[in-house]
Amino acid sequence: MEQENQTAVSEFLLLGLSEKPEHQIFLFGLFLPMYLVTIFGNLLIILAIITDLHLHTPMYFFLSNLSLIDIFFSSTTVPKMLVNLWTQSKAIPFAGCLAQMYAFHLFGTMDSFLLAVMAIDRFMAIVHPLHYLAIMSPRVCGLLVVGSWLITNLQSIVHTSLMAQLTFCAASEIPHFFCDLMPLLKLSCSDTHTNELVIFAFGIVMGISPLVCKVFSYTCIFRTIFRIPSALGKWKAFSTCGSHLTVVTLFYGTIFAVYLQPASPTSSQKDKAAALMYAVIIPMLNPFISSLRNKDMKAALRKLGGKVAPISPRRSVNKSSQVDMVNVSVIRDE
């Protein structure tokens, strides 16, 4: 009997957001436009940064990488969810499930690391403006991004390799819209103690270290901003990191909602809602957050669309340069 319950599982069933057939078309019509906005919005950000030489700075280099990661992150879960909603098929192959889990944790953690790198960039631009260009050189920026890729790949490979060694019971229903670590572990008939220890260890290192980096950076940034004598100088300095701080708040707010909530009968639904937030909603909002209050980005987007004449040199000075000049004057005054 025990052997029958431990037969090899060739596929899993993703129960999705709702099991009611009347909800499937509504959910499909809701998430398809959101996914298209995510793809085209982030692609526009990338193209605007590539084509506008005035945006070839560390801040926009990291922003373009974040937009690329957001495209990959959203594409990890949403297309499969849309196919399942349209066809009303819930099956996903075992190998496909592992691949989705690998990609989800790779791009999700990469999002967190890039936000930490962007916090370092803002820290250097506002707190140490005189050394900003020397330290944040193209080589250093490239190493920060490549290093983040290597570290997050290592985590995803370890999780996926350990998961592939487990034996899964005949019951293969996953109460989620994508394959994630914890729902898969609950279906395993094997001893998952090693997997849980690895998840805990990586969670501490990969979760806490970027958060500490962001908290330290913004603590120093706020202290520097408060020392700027003029209100206009404070506003200019804060405006360069306002959009990044908004994304960080949304990102960690939803993660805390998932992992710090007490267990309850509705925890599964809360997990789905929070996962939708940081895997679907935030990648869709990032282009708007990054461009709505950024004159340089809006000008680059208009230029990309051919709606305005080329940007004049005076208007094209990016905000990071403005902040550098503000802080240089403050240092001189002191």
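Predicted model: local features only at pLDDT ≥ 70, side-chain atom pairs only at ≥ 80, totals over all residues.
**View A. Strands E1, E2 and E3 in an open sheet.** The strand order is E2-E1-E3, and the pairing is mixed. Strand E2 (91-93) and E3 are the edge strands, each pairing on one side only. E1 and E3 run parallel and are joined by two bridges. Helix H4 lies across E1, E2 and E3 and runs at about 85 degrees to E2.

**View B. The aromatic pair of phenylalanine 12 and phenylalanine 168.** The model has a count of 14 aromatic pairs. In this one the ring centres are 5.3 Å apart and the planes stand at 85 degrees, an edge-to-face arrangement. Phenylalanine 12 belongs to strand E1 (residues 11-14), while phenylalanine 168 sits in the loop between helix H6 (138-164) and strand E3 (173-174), so the pair ties together parts 156 residues apart in sequence. Phenylalanine 12 and phenylalanine 168 are both buried.

**View C. The aromatic pair of phenylalanine 104 and tyrosine 278.** The ring centres lie 6.1 Å apart; the planes are at 45 degrees, so the pair is tilted. This pair links distant parts of the chain, with phenylalanine 104 in helix H4 (residues 94-127) and tyrosine 278 in helix H10 (residues 267-291), 174 residues apart. Phenylalanine 104 and tyrosine 278 are both buried.

**View D. An aromatic cluster that includes Phe104 and Tyr278.** Phe73, Phe177 and Phe178 also belong to this one cluster.

Conventions: Residues numbered from 1 in each chain as written. Heavy atoms only, no water. Phe/Tyr/Trp six-rings, centres within 6.5 Å; stacked < 30°, edge-to-face > 60°. Helix = DSSP H or I, 4+ residues; strand = E, 2+ residues; numbered from the N terminus. Buried < 20%, exposed > 50% of the residue type's maximum accessible area, 1.4 Å probe, protein only. Pairing = 2+ DSSP bridges. Contact = heavy atoms within 4.5 Å. Axes fitted to C-alpha atoms, helices over the stretch in contact; angles between N-to-C directions.
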